[in-house]
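Here is a short briefing on one protein model. Look over the sequence and the structure, then read the points below.

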Amino acid sequence: SGLMVPNPSAFKLDVVGSLPLFALASGLLVTAATMAGAKNGNYLFLCCVANGIQNSLTSTLTSNLCRTAHFSGITSDMGTF
């Protein structure tokens, strides 16, 4: 998400720049739901990746003011940068 929104600023959201990541995460969740229905255990991996994308996206869009998946701080968000 740091590549999609390279210069985030606090309290100014660039939602249009983040639409490709939103589409990717949505596609991962749809694929995971299909795999879960087929009793394929690999769907958990896709759910974790989608959760990481969501957390990175909200952290980047809000300039690290808000996180949706955890509150452990910036040290665990190395993929954001």
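Buried means under 20% relative accessible area, exposed means over 50%, and partly exposed lies in between (1.4 Å probe, protein chains only). This is a predicted model: local features need pLDDT of at least 70, side-chain atom pairs count only at pLDDT 80 or more, and totals for chains, interfaces and linings use all residues. Residues are numbered from 1 along each chain as its sequence is written, and side-chain values use heavy atoms, with hydrogens and water left out.

**Overall make-up**
- The protein has two helices and zero strands. Helices (H or I, at least four residues) and strands (E, at least two) are DSSP runs, numbered from the N terminus.
- Of the 81 residues in the protein, 28% are buried.
- Take the contacts (heavy atoms within 4.5 Å) with a separation of 6 or more: residues 24 or more positions apart account for 43% of them.

**Helix α2**
- Helix α2 covers residues 43–61, which is 19 residues. Its expected span is 1.5 Å times one less than its number of residues. That gives 27 Å, and the end C-alpha atoms are 27 Å apart, so the two agree.
- Buried residues of α2 include Leu-46, Ala-50, Ile-53 and Asn-55. The run from Ser-56 through Leu-57, Thr-58, Ser-59 and Thr-60 to Leu-61 is buried too.
- These buried residues pack against α1 (19–37).
- Ser-63 follows α2 and has a positive phi, near 55 degrees.

**The loop residue Lys-39**
- Lys-39 sits in the loop between α1 and α2.
- Its phi is positive, near 60 degrees, in a residue other than glycine.
- Is Lys-39 buried or exposed? Lys-39 counts as exposed because its relative accessibility is 77%.

**The nonpolar core**
- A nonpolar core is a set of buried Ala, Val, Leu, Ile, Met, Phe, Trp, Tyr and Cys residues joined through side-chain atoms within 4.5 Å.
- The largest one has 10 residues, among them Leu-28, Met-35, Leu-46 and Ile-53. Both α1 and α2 supply at least two residues each to this core.
- In soluble globular proteins, nonpolar side chains tend to be buried together.
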